[in-house]
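Here is a short report on one protein model. Look at the structure first, then read on.

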Amino acid sequence: MFIHFLMDKYFFKNENRELNFVLFMGVFFLFPSNNMALIIFNYDLFSMLFAVIAIICLSVLIKHHDNKAGLLAVVVAMFAAQEKLSASPILLISILVYVYCSYQHSNFFYVPDVKKRLGMLMWYATIAIGTALSVSLLSYLIVGMARGGSLPPLKGLAHPLINWTWPILGKLSIYQSLKAEPIFHVFIILAELLGVVLISEFIRFIAFRLKNKKGIYYLTDYFEKYNYKFVLFVFVSTLLIGVIGNFFPPETFIDPIIPVAPGNYQPPTFNRMAGHYGASGLIPHTLFYSMKCYAVFFDALPTVFVLLMIVMLLFLKGRGASIWWFVIGVSVLAVPLVYGLTLTPAGMRYLNIPLLLFLLFLLYLFDKLMISRNLRTFIIFITIFAMFLEVMPFAPVHGAFRPVWCNFPDEFNLQPPVGRQRSGAWRGWGEEIMIAGKKIEQMCLQKKANCDDVRLYYIFPGDWLDAKIPVKVLSMLRNELRFTKNDYYVITRSAFMYDGIKYLKFETVRPPAHKKKNPLNFDVVPPEFVINYRGYHQSWIFRGDQLKPKSET
C-alpha cells in the first residue's frame with residue numbers, strides 16, 4: 001500500500017487514479033515473485049519492499065529536489081540490506097544519489113575552490129553513511145531488547161554496508177576470514193566514503209565539461225525522442241537471450257553429483273554444490289550462466305506483461321515520462337547480466353527486487369499512455385484476467401511458476417533427474433507437505449482412504465498447519481518409519497537432483513534391478529499420486545504399503 005501511495009502521489013496522473021489502483025492491486029498480489037516474498041517474510045518480503053521504496057524515494061529526490069526523500073531512501077535501504085545481500089547495492093546507490101543530489105542542490109556545487117567542494121561532499125557522505133550505521137545500531141538494540149538483553153555480535157553492524165563485496169571477493173579463499181575482521185569493515189566503509197566523494201565530484205566535472213557542448217543537447221534530445229525505442233531494443237534483446245537461455249544449454253549439471261570433467265572449468269560452489277555446463281573455460285561458462293540468469297528473470301514474468309510491454313513501447317506513445325524511470329527500466333534489465341558476470345546465484349527470489357521494479361516501470365509507462373478511458377479499462381481487465389489464468393495453476397507458493405511458452409520435455413517432467421536441473425523448474429521448499437496433506441484429506445473425506453492415525457513423512461522440512469484430519473508430520477530421515485496404508489511418503493525432486501535419494505531407509509516393494517541411483521521403481525510401483533504443475537512432476541507421494549525397509553544387501 002505504501003508503494004502504491006508513493007507512486008500515486010508523485011508519479012501517476014490524477015485522472016487515472018481509480019484505474020491505476022485496480023491494476024496495481026490486481027497484478028501486485030498475483031505477481032509470482034511477490035507471492036514468494038510473502039512466504040519468506042523476514043528475508044525476502046522486507047528486503048524487497050524496503051529496497052523498492054528506497055528507489056521510489058530516490059525518484060522523488062531527483063524529480064522534486066527533496067533531500068529528505070533521499071535521506072529516507074538511505075534509511076529504508078539500510079533496513080532492506082540488513083535482511084538480504086541482494087539489497088546491499090540499493091543501499092550504495094541510495095547513498096551515492098543522496099550525496100550527489102544534496103551536493104548539486106547546494107551553493108557549494110558552483111564554488112571554484114575544490115577543497116571547499118570536497119569538504120562539503122565529505123560532510124554529505126558522512127551524513128549518509130552515519131545515518132545508515134545509526135539504523136543498524138537501532139536494529140541492534142531492538143534485537144537485544146527482544147532477546148531479553150542478549151545482544152547479537154557487534155561486528156554485524158556494518159555487514160549491510162560490506163555485503164556487496166561478496167559477489168566480487170567471495171570466491172577468494174580468505175574472504176570469510178577477512179569479513180570476520182573489524183579492520184576489514186572499517187576499510188570498506190572508508191573506501192565507500194572516499195568513493196562516493198570522488199564519484200560525485202567526477203560527475204560534476206563531466207557535467208560542467210559537457211554543459212556548453214552542442215553534442216550533449218543533441219544526445220539528450222535524441223534520447224527523449226527515441227527513449228521508447230531504446231528501451232524496446234534492450235527489452236527485446238534481453239528477452240531473446242532469456243528465451244534462448246531456457247533451451248541452450250538445455251540443462252545445468254550439479255557437481256559433485258555429475259562431476260566437472262577433467263580439463264573443464266570448475267565453477268565456484270554455493271552450499272557445497274556447483275552448477276556447470278561442460279564449459280572448457282571461464283568465458284564460455286560465464287556466457288552460459290548469464291543466459292541462464294536472463295532465463296530466470298523472464299521465466300518469472302507472466303506472458304501478458306511481456307506482450308503489454310512490447311505493445312506499449314512499439315505502438316503507443318506516452319507523455320510526461322521521466323528519463324529517470326527509463327534509466328530504472330534499463331538498469332533492471334541489466335541486473336541479470338551483473339549476476340551472470342559475477343557468477344552470483346540467481347533464482348526468482350534472488351531477483352525479486354528487479355522484478356518488482358520492472359512491474360512498477362510497466363505500470364508507470366501504462367499510466368503515461370495517451371489512450372481513452374474505455375480502452376484503458378479493457379486493457380486492465382484483460383491483463384488481470386490473463387495473469388490470473390496463467391498464475392493460479394501454480395498456487396499456493398508460485399515458486400513453480402513458469403510462463404506458457406516455457407515447457408519441458410516429458411523425460412524431464414515425469415522422471416526424477418539425478419544431478420540435473422532446468423531453468424524455471426521448481427524443486428519444492430516444504431510446501432509440498434501441505435499440498436500432499438490436502439490431497440490425502442480430500443481422499444479421506446471421499447472415503448477413498450483410511451483417516452485413522454495418518455502419518456506424513458517428508459524429506460525437505462515443512463509443516464501443515466490447518467489439517468482437518470488427525471495427522472503426524474514426521475521426518476523420514478530422523479523418525480522411526482512405518483509402512484502401512486495410513487502412511488504417506490513425500491519424495492521431492494530435490495531428493496533426486498542432489499542425490500539425497502541414496503540416504504533413504506526404504507525402497508519400493510519391488511525395487512529396480514539396478515537401484516544404485518534410485519531405490520524407487522516407478523515403472524512397476526507407481527506412486528499413489530504426484531504433485532505436478534502443468535505437467536511438471538515436482539513430488540511423488542508413495543503409500544506406506546508400497547514401500548519396505550531397504551535391503552541391507
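Three strands make up an open sheet with the order 2-1-3, and their pairing is antiparallel. At its edges lie strand 2 (274-276) and strand 3, each pairing on one side only. Strands here are DSSP runs of E with at least two residues, helices are runs of H or I with at least four, and both are numbered from the N terminus. Two strands pair if DSSP finds at least two bridges between them. Strand 1 (residues 252-255) and strand 3 run antiparallel and are joined by two bridges. Phenylalanine 253 has arginine 420, in strand 3, as its bridge partner.

This is a predicted model: local features need pLDDT of at least 70, side-chain atom pairs count only at pLDDT 80 or more, and totals for chains, interfaces and linings use all residues. Residues are numbered from 1 along each chain as its sequence is written, and side-chain values use heavy atoms, with hydrogens and water left out.

What does glycine 419 touch, leaving aside its neighbours within four places in sequence? Its contacts (heavy atoms within 4.5 Å) include Thr252, Phe253, Ile257 and Phe496. Glycine 419 and isoleucine 257 are 162 residues apart in sequence, yet 5.1 Å apart in space, C-alpha to C-alpha.
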